[in-house]
Amino acid sequence: MRRWPFVGRDAELTRFTEALTRKECPAFYIEGPPGSGKSRLAERCLQVSQEIGYGVSRAAVNADSLFPLGAVAHILPEDYDLKNPLAGFNSLRERIYGTRVRGDRHVILVDDLNLIDDVSATLIDQLMSSGAMFLLATMEYEEPASLVVRNIRNRDAANRVFLDFADEDQVAEILSESLGGMVAPRAINFLHRKSRGNLLYLRELVIGAYRAGKLQFDGQIWEIDGYDEVTPRLAELVKTSLDTADLAGRRVLDTLALCGSSGKGLFPAKAIDELESQDLVRVHRHGRRSGVEIAHPMHREVLTSQITAARKEELLLAHAQAVRVTGARRHEDLRHIALWELSAKGSTENEILLKSALAARKSHEAGQLRILAEAACRHQNGFLPRLLLGEAQVALGDVAHASGNLKEAAMLARTDEEHVQASLALGRVMCWTKGDTEEALHIVVEAEERVVTPEALAILRMARGVFLSFLGRIREALEILKDVPAIPNQYIRAVGEGTRATLITLCGDPHKGLSEARRALEDRRNLSDGPELPHPSSNIHPVAYSLQELGRLGDAYAILLDAWNESIRDQIYEGMVLHSSQLARTALMQGHLVRARRWAAQSVSLARRYNFTGPLHAALTRQAEAAALLGETAVAAESLREAAPLPEWGNFIPELCLGHVWLQAVKGNITEARSAVRENILKARESGNSSCEARLLTDLARLGAPQEAVQGMADLAAGRSEDYTVLRARFVEALCNKSPEELTTLSLKFEMLDSELISAECLADAAAIWRKRGDRRAANAAAHQMERLRRKCDDARTPALRQTEHLDPLTSRELEVAMLAAEGNTNAEVARKMFISKRTVDNHLQRVYGKLGVRTRRELKDKLDELDGA
């Protein structure tokens, strides 16, 4: 681990330097709660002051600062006369002026202004008023302080900033800097959620997890495998807050730490009010009911670590009894009672075990489901307990035990409904965790021979269509799924409708696919009873696929991010794997390569960790594609080596060659790259996957063979309104026709769709064509615009973009002339300011206009602003 970084406070630093250089501003106050980074920002401000030439010092805010002048004693001159305040003030002021390098003020840092003694505060106030001193101070504004300190705090002319706790983006930046590499989005979310952005807590969590081996680098990305230990330093930080609770309050806190959010009425009202006033609990309302929970996750961790086994048993059983007495009216009450009693004494009432397990399954609580199902199996080794235990183990990545339990459940199945549930569960295990979709199909076909009811047969037929889609047999799967609306089971129907919507989109009708996908998602959201496997967020994917094909890439990314957040919230690992892989695909289509690389690495990490062999191949090939386009050829090659023995899997099998394709292209093996694309275009066409075919044909054109792709793209675009496929068909046609004007027009359209890499390539190709025609001005204009887009695509390496690597940069002299001209100076005025002739200015500007592709001073100013912004 590196030194804990200082990041994310550029705006506050800018405000500080502006305040420091304004003579009328006497102070800069940094306010915020503990853990918001006040002290770190203050230290950086003091460092900046010293770097630009101000004399600096720190007040001593500690035990000595309780005594008069204790905070500033170390900066007082030896001859400071305590009996003559005026003389003492003048001697200190003279000493301060002697330390200055620039400016006329000395900067003093007071970390926690509220604790400074009144005499020191008075002296600092006088020095500020005289203009000799600039006060840089941190404070918690609502904390008590003396009248003198309050007067200093309330100075109108002072500048102040309020720091809140770090948001998730700031936590990501801090983690990336401190760990020195990409950090998994799941790890970022976990650490932000645990720390709530409190930087003191965050630092201790990171250090503790790193030392415990829970925070590890897998060669591509930093990932955390859970962490609930409490370091001594963390316990010390939290202890101050917890010690404010009295005995009654502490019992409430311990109970909430063990049992989680509970009804407010289960606790003494006085204790809750007191704890809420101390910010130790949070009261929330759900309709007419009020609940209470511990305010900060770290408080819960510390409390739990300090509860003895005997007290834990007593509190859990007492709380379970209290909920029973109220009638256990909430839908989750029975489940919680069962879990508390199992944790306290290892047993609970048998009649509530299966009910509780089914409730845990519905709520997607895999950890709870495993505990309850294991207890139910000990009580009764029947079909349902075994099925539920197997499902829980699959969700938690325990594939070996899951397969055994699900096979045992299948042997215990007696009814059609049980045969269907067992075959679907086993099929999903084979498809997702083993990547053996052919075996999943075999399981379903065998089950079809054992059932007789029309509903069971319809459900199994639907499952066969879903598994066929994961084998890439798109037309065949769609034919089977055309009868989905006739399936009586609404949960199974929602899954089937979502898959059918995906297939409709892949077959070339994204408008119809989007309509059906949205209806399937809405239906799924409205379901209230029955098993919910897979997770409802999986129904977001068909919507995202349709949006991608319509060219609404930003919308697709946003909705997939929603799905990711849902799976994080509910701890659905298979959802995390699939969502992160699709986020990577969308980012690749946009050209946001670093983002794509991070999401692909996240998917790979999770797929490995939780044994999801099926999606691992796709995640690795997307990681290879992003890495290759970033120029990280070793990473791309290693990803492809790992992917090679794995089964191809999913709805996008033909395009999974693109990792190999772009690696070869970046290495200069264009012939090999084109050959691989051609082979997979045929696969996509044979399976009816128009979506993959369009992407591959476009990439064939991008690899320099538009004449081979133009007819195929025209056929795919025929009869469609202007969507992503139509625009890509126009792009391929423009490349064939060598039309820079059309390419420039298309660049704007692609950029509006967030497809910035193809937008950049449009301009690169246009620039190359204009350059061959001898139109240097137009070529340079397109090339400079392309450079802005390429930077947004993380300096992607593609054959088209390499055409502009010889772009003529402005010399330092040309840039100076251009900037003066853009400010509105005439050529003669520029010449006078630079002490050169007007003819020389004329020549410089002529070259500048040619290089930048502009014709007027207004265009020159806009171009310079654009280049500066990029």
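Are arginine 186 and glutamate 223 buried or exposed? In this predicted model, arginine 186 is buried, and glutamate 223 is buried too (buried means under 20% relative accessible area, exposed over 50% and partly exposed in between, with a 1.4 Å probe and protein chains only). The two residues form a salt bridge in which the closest N and O atoms are 3.5 Å apart (a salt bridge is a side-chain nitrogen of Lys or Arg within 4 Å of a carboxyl oxygen of Asp or Glu). Arginine 186 belongs to helix α7 (residues 185-195) and glutamate 223 to strand β7, so the pair links distant parts of the chain, 37 residues apart. Helices (H or I, at least four residues) and strands (E, at least two) are DSSP runs, numbered from the N terminus.

Residues are numbered from 1 along each chain as its sequence is written, and side-chain values use heavy atoms, with hydrogens and water left out. Because the model is predicted, local features need pLDDT of at least 70 and side-chain atom pairs count only at pLDDT 80 or more, while totals for chains, interfaces and linings use all residues.

A search of the whole structure finds 12 aromatic pairs (rings of Phe, Tyr and Trp, the last by its six-membered ring, pair if their centres lie within 6.5 Å; planes under 30 degrees apart count as stacked, over 60 as edge-to-face and the rest as tilted). In one of these, the rings of tyrosine 210 and tryptophan 222 have centres 6.1 Å apart and planes at 45 degrees, so the pair is tilted. Tyrosine 210 lies in helix α8 (residues 199-211) and tryptophan 222 in strand β7 (residues 222-224), so the contact ties together parts that are 12 residues apart in sequence. Tryptophan 222 counts as buried because its relative accessibility is 11%, whereas tyrosine 210, at 36%, counts as partly exposed. Tryptophan 222 forms a tilted pair with phenylalanine 217 as well, at 5.4 Å centre to centre and 45 degrees between the planes. Phenylalanine 217 is partly exposed, with a relative accessible area of 42%. Elsewhere, ring pairs link Trp432, Phe470, Phe612 and Trp649 into a cluster.

Charged side chains give a further set of contacts. The structure holds 49 salt bridges. Within helix α9 (residues 232-242), glutamate 236 and arginine 233 lie three residues apart, about one turn of the helix, and their side chains meet in a salt bridge (3.6 Å, N to O). Arginine 233 counts as partly exposed, at 37% relative accessibility. Helix α38 (residues 776-792) holds glutamate 787 and arginine 790, again three residues apart, about one turn of the helix; their salt bridge is 3.1 Å, N to O. Glutamate 787 is buried, with a relative accessible area of 16%, and arginine 790 counts as buried at 11%. A network of salt bridges links Arg585, Arg622, Glu625, Glu655 and Arg695.

Turning to strand pairing, strand β2 (residues 55-58) has Gly55 and Ser57 on a covered face and Val56 and Arg58 on an uncovered one. Strands β2 and β3 (residues 106-111) run parallel and are joined by four bridges (two strands pair if DSSP finds at least two bridges between them). Valine 56 stands opposite valine 107 in β3.
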